[in-house]
Amino acid sequence: MSTQLPSGMEHHPDILEMREHAERATSTTAGQGTEALAICAGLFLAISPWVVGFSGFTGLAISNLVLGIAYAVLMAGYGPAWGRTHARAWACAAIGAWTIIAPWAVNGGAHIRRTILTNTITGGVMTLLALAAVGMVFAGASGAASRRRH
């Protein structure tokens, strides 16, 4: 019978503490609110071509549908796994940034005011929510590190 302690980074005290912090951050009202708003923003982006009325732009409609669903799924899974939490949130920030520039990148010069306003506002909200998720995890992680040093 071996009494050897488990080895590997997943058992490192700092990793365990970061996981605990991420679980605490995502179980707060702010964490749950951020997640809920992010899911709503992603779902709105997915249905926006049909709600706002720019379904004639097929490329942008498909982009919004796919990225909206991806954003909602990624942010819905934001809390449960610390090892991927911040990576998911950064990916969602990139999706939000892409959403802002998508009317020009996907449609080229062919766009209408509704596509620009919808994607710019929704993409901005999505980016801010993703950065808020990143901030919640990093704020506590840096606070825990400074408490250990003192």
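Trainee: Which residues does M75 touch, not counting residues up to four places away in sequence?

Mentor: M75 touches E35, A38, C92, L129, A130 and A133. A contact means heavy atoms within 4.5 Å. This is a predicted model, where local features need pLDDT of at least 70, side-chain atom pairs count only at pLDDT 80 or more, and totals for chains, interfaces and linings use all residues. Residues are numbered from 1 along each chain as its sequence is written, and side-chain values use heavy atoms, with hydrogens and water left out.

Trainee: Why is M126 called buried?

Mentor: Buried means under 20% relative accessible area, exposed over 50%, and partly exposed in between (1.4 Å probe, protein chains only). M126 has 0% relative accessibility, so M126 counts as buried. M126 is found in helix α5.

Trainee: What does M126 touch, leaving out residues up to four places away in sequence?

Mentor: A41, L45, Y71, I95, G96 and T99.

Trainee: What makes a set of residues a nonpolar core?

Mentor: The members are buried Ala, Val, Leu, Ile, Met, Phe, Trp, Tyr and Cys residues, joined through side-chain atoms within 4.5 Å. The largest one here has 15 residues, and Y71, M75 and M126 have the most contacts inside it. Helices α2, α3, α4 (82-107) and α5 (113-149) each supply at least two residues of this core. Its largest share, five residues, comes from α5.

Trainee: Why is V73 called exposed?

Mentor: V73 has 56% relative accessibility, so V73 counts as exposed. V73 lies in helix α3.

Trainee: Which residues form the nonpolar patch on the surface?

Mentor: F44, I47, W50, V51, I62, L65, V66, I69 and V73. Patch members have over 30% relative accessible area and no salt bridge; like charges are joined within 9 Å, nonpolar side chains (Val, Leu, Ile, Met, Phe, Trp, Tyr) within 5 Å. A salt bridge is a side-chain nitrogen of Lys or Arg within 4 Å of a carboxyl oxygen of Asp or Glu. Together the patch residues have about 830 Å² of accessible area, by the Shrake-Rupley method with a 1.4 Å probe, only the protein chains shown counting as cover for residues.

Trainee: How many helices and strands does the protein have?

Mentor: Five helices and zero strands. Helices (H or I, at least four residues) and strands (E, at least two) are DSSP runs, numbered from the N terminus.
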